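Reader: I'm new to reading protein models. Could you walk me through one, feature by feature?

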Amino acid sequence: MPSVLICYYSRTGNTEAMAHKIADGVREAGVDVDVKKVSEVKQADLVKYDGIVYGSPTYFGGCAGELKTFIDKSDDYYEQLEGKVGGAFTSSDSIGGGNETTIMQIIQAHLICGMVVTGDMEGEPYGPVSIGKPDTEVEKNCVEYGKRIANLVRKLHG
Ligand SMILES: Cc1cc2nc3c(=O)[nH]c(=O)nc-3n(C[C@H](O)[C@H](O)[C@H](O)COP(=O)(O)O)c2cc1C
């Protein structure tokens, strides 16, 4: 069965809550999912998944150093990530506080690895965003995003 990794950094729990909702969506769509803090993942683990979704709080308009360092240290494996599905999500304090630039920073890394990224015409086009703690609408967006990721994984790797 295809599988997805949701790998996140979260200091105060908002991004972590999103990660678990996205995982619910992946599971609902019938795809295996592991949800892990970035500190629990080794770069070598990445190659065994068909989809990789990174989440981070927005820090100064970009992703947290903990996640960026993890990605920077994955260079030994990046060629093996080609064709996998990639995704990104973030939580920030303000609407214009750099959440989209954070998501784009992560997506840029996915693209550098030759990964496949999907937009969304009905939900949030770049990936789920929460302003502070996820409310019920954000939770719904996260579940739908998880389903979207899972469906693409199944199409490409099922
Ligand atoms: C060092 C630092 C930098 C931050 N920079 C931004 C920022 O640029 N824009 C923003 O909207 N929020 C910013 N925030 C707020 C966090 O993105 C926000 O509180 C987020 O929900 C925290 O996620 P977490 O609960 O997963 O740790 C910053 C917080 C910290 C600690």
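Reader: Let's start with one side chain: is Phe70 buried or exposed?

Author: Keep in mind that this is a predicted model. The general idea is that a residue under 20% relative accessible area counts as buried. Phe70 has 5%, so Phe70 is buried. Tyr54 is buried too, at 5% relative accessibility.

Reader: How are the rings of Tyr54 and Phe70 arranged?

Author: Look at the angle between the planes: over 60 degrees counts as edge-to-face. Here the planes are at 75 degrees and the centres 6.2 Å apart, so the pair is edge-to-face. Tyr54 sits in strand β3 and Phe70 in helix α2, so the pair ties together parts 16 residues apart in sequence.

Reader: How many aromatic pairs does the structure hold?

Author: It holds two. In the pair Tyr9 and Tyr59, the ring centres are 6.4 Å apart and the planes at 75 degrees, so that one is edge-to-face. Tyr9 is in the loop between β1 and α1, while Tyr59 is in strand β3, 50 residues away. Tyr9 counts as buried at 15%, whereas Tyr59, at 25%, is partly exposed.

Reader: Now the ligand: which residues are closest to it?

Author: For a shell like this, a residue counts if a heavy atom lies within 4 Å. There are 16 such residues around the ligand, and the closest are Ser10, Thr12, Thr15, Thr58 and Ser91. A polar side-chain atom of Thr12 is 2.4 Å from a ligand oxygen, and a backbone N or O atom of Thr58 is 2.7 Å from one.

Reader: Which element gives the most to that shell?

Author: That's β3, with three residues.

Methods:
Residues are numbered from 1 along each chain as its sequence is written. This is a predicted model: local features need pLDDT of at least 70, side-chain atom pairs count only at pLDDT 80 or more; totals for chains, interfaces and linings use all residues. Side-chain values use heavy atoms; hydrogens and water are left out. Rings of Phe, Tyr and Trp (its six-membered ring) pair if their centres lie within 6.5 Å; planes under 30 degrees apart count as stacked, over 60 as edge-to-face and the rest as tilted. Helices (H or I, at least four residues) and strands (E, at least two) are DSSP runs, numbered from the N terminus. Buried means under 20% relative accessible area, exposed over 50%, partly exposed in between (1.4 Å probe, protein chains only). A polar contact is a pair of N or O atoms within 3.5 Å; within protein, one must be able to donate a hydrogen and the other to accept it, and residues adjacent in sequence count only if both atoms are side-chain atoms.
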